[in-house]
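Please look at the sequence and the 3D structure shown below, and then follow the questions about its aromatic rings.

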Amino acid sequence: MQAKIIKLLLTIISVAVSYFILGLVGLQLAVPPSQAGAIWPPAGLGLTAMLIYGPTIWPGIFIGNFIISAWAFGFNPENFPIYIATGIGASLNAYISSKLIKKTIGFPNDLIKDRDIFLFFLIGGPLGCLISSSVGIGSMYAAKIISPSEIVINWAVWWAGDTIGVFIFTPILLTLFNKNSPVWKRRRFILTIPLSITFILVMLFFDIIQNQEFNRHYQAFSHESDKISKTIKNILNDDIRSSQLIYNYIKTDDQVNTKEFTLFSKYFLIDHPEIESINWFKYTNNQPSLIESINNKNNIHNSPLPINKIISKIKFQNNVKIIHHKNHVVIFKTEPNIINKIDIIALSINISKLIDKSLEGLQLKNIDAIAITDLTTLTTLFNTFSDNSNSITKQTTIILGNLEWIINFGFNNHIDNSAHWTLWWVMMTGLFFVCLLGLGLLMLTGRYFSTEAIVNERTAQLQSAKNMAEASSQAKSRFISNISHELRTPLNGILGFTQILQKKPSLTDNDKKQISIIEHCSKHLLTLIDDLLDISRIETNKLSIQYKTVNIDDILDDIIPIFKLKAKEKGLSFNVNINLTEHVFYSDSKRIRQIIVNLLNNAIKFTNSGEINLNIHDKNNKLVIDIIDTGCGISEQNIKHIFSPFIQLNEEDYSKEGIGLGLSITQELIKLLGGSINVSSQLGKGSHFSVTIPLQKINITETKKSISTKKSINTCQNINILLAEDNEINILLLQNILDQVPCHYDVAKDGQEALNKLLQQKYHLALIDLNMPILSGLNLIKKIKQHQLKITTVAISAFAEQNKIDMALNSGFDYYLTKPIDIQQIINLVHTIQKKYDL
């Protein structure tokens, strides 16, 4: 029992302290001169505390509100009843609102349904806050702090501040302190953080606007202060000049009498209301005597100031002497060089009237007090500051002869109505947005949680479907890979033997033509296989670029003769224009070759007459390839479809062979190289394909091995080669190729036999098929490395995927040849080995 009481007391103290702190935040958001803020965060705290801890928490709310009210009113004991009334109002507000919420929608409540959210905020906000605002404003009216005309506006501000405090802070506090609800805990990040950040941003924006308004207000205050100081100084200067004129008047004529003096002087009093009197003294034998004195009301009388005594104490070292006496300033004009008989003109100036004159015609909105202090004697001559004033001041200095004044101006930090309401609208608009954000997040999270079970169920179904789709995609990729492997193996024999047969001199021209057709069809089939592999890689994001040193001349030397021949067969003119400053750069030669070949194939395929133009140049570190034809052209409607896979455009009689992968693969390759492709075409007149590929200058030495395709005619009889191959057709093909070198070779039909031969005698080169029985090619290369055999190894396989190639090279192979094998590559490789071993 005691532990519960201690826990309750600690909770009450925590609520009271938190209420006070949030109250300070609310007071900071008040717009001067009002102390009421546009938001009152403690209202949200009170409702939250009452909902979570129940009615026993009311002392914490009461104490917190009592202290913050006393703070706002400066702890004035006369307002003690107001502190009690506002504390009771805040406690009743929280209690009645929580009771109505529990009765209407129940609590604890996760506020999942839109109806519950609406009723929660309606009861806790606009309805419940009627209590605290009515009690608070009623007590202030009873204490005569506000007038009847101010009741409505102050009540509305109070009610709006409490309502917004509930709307913003109640959801935030529920997520932090409603520990029994997992839903409210999950809302901490998706509701509390964005709501808090938005609220802080609104407050910062309001603070910026308020500071800007304060700076503008202070600049106007500073301008008014300077203007008044300058006016006071000008008035005093004018009074000094007046004394000089009067003095000059009496000195120019020794016969001036008192009547003439009065007539002359009263004209100065008309324009100088600050001058109370003008006095004429004669100073004879160190004794001053009053000759004449006139006041500002044209009544001639003795001086209201004890000027006789003042004069007797003055040492006239200057022509003009200025002194102060109580709330007056006296200006003396004389000529101190005359010893026996001195005329003195004394102007008595009332400082209050001097200030009044300086303020004439000014609409002062920013100055609420003025104080003048004599800097010499530190005597206050004029002061309108209240005793307990703590307003901001600005200090100016006036120096006139022996007069040195400090003028202090009090800053009236009272924002005018237009600015006052502007700040209110800025604040209210921002807070209204935060309220809407909070309601929106509550509704969104509520709907999210209510549908979470359905989403999880459907997610599981989608995951299952995704897994099936991925498995299907992987199966398709494996199928295409296996099909490629199985097709490349017989194609290896077909293409290999057609190349061998073409070199036989005994063949007739007709035989060579037929063999050429076989080679052409085989290469076309090989191209289709490569395209299928590429499109499969594109779909699985496995298509990659292999950067190496590229000599564009080598690529063009291989391509141009072939397409000149193809163009000639169709009766087309094939024009080539090459203008390059960089011929060697860093890129993927295979992909650049593939791009040019695909575009030229399409150009020749769809052009029946006219010409094909291939223009290649470099510009701004970019390789530009333009292929222009006079073919059938493409309509504007179909241009956007030409890069889609498996799409062929049938324009009248222009249906051609192919499966519609060339342009799709070309576009993807160009993207991977960091380039772009543009198409312009006119139906019936031709097309223009323009490719731009960034050039990378070579900054490293090329270390990857490549097999030259340049022809060599050396013989290699001293080279020993091992053929590790289990397929009879491939063995026969490799034997026919090596017989053309010629060189010495042995054959092993499985991996173990190949290893035995390698261990028994010395070989310079081993051509190893990866798919061999007993011991595969990859296992064989591991054995070769284990035995540290010094031999050049070449992997031969029908797998063309880059991951397979990388696997073989990383295992230790020096080269990788993809079936079908290029005969010239084998021959040149043998010659490379001959040079390596100097045979």
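Q: Is Y448 buried, partly exposed or exposed?
A: This is a predicted model, in which local features need pLDDT of at least 70, side-chain atom pairs count only at pLDDT 80 or more, and totals for chains, interfaces and linings use all residues. Residues are numbered from 1 along each chain as its sequence is written, and side-chain values use heavy atoms, with hydrogens and water left out. Buried means under 20% relative accessible area, exposed over 50% and partly exposed in between, with a 1.4 Å probe and protein chains only. With a relative accessible area of 41%, Y448 is partly exposed.

Q: How many aromatic pairs are there?
A: Rings of Phe, Tyr and Trp (its six-membered ring) pair if their centres lie within 6.5 Å, and planes under 30 degrees apart count as stacked, over 60 as edge-to-face and the rest as tilted. One of the pairs joins F73 and Y83, which is tilted at 6.2 Å centre to centre with 45° between the planes. By this rule the count of aromatic pairs is 22.

Q: Which residue carries the charged end that sits over the ring of W184?
A: A charge sits over a ring if NZ of Lys or CZ of Arg is within 6 Å of the ring centre and within 35 degrees of the ring normal. For the ring of W184, the charged end lies 4.7 Å from the centre, and the residue that carries this end is R187.
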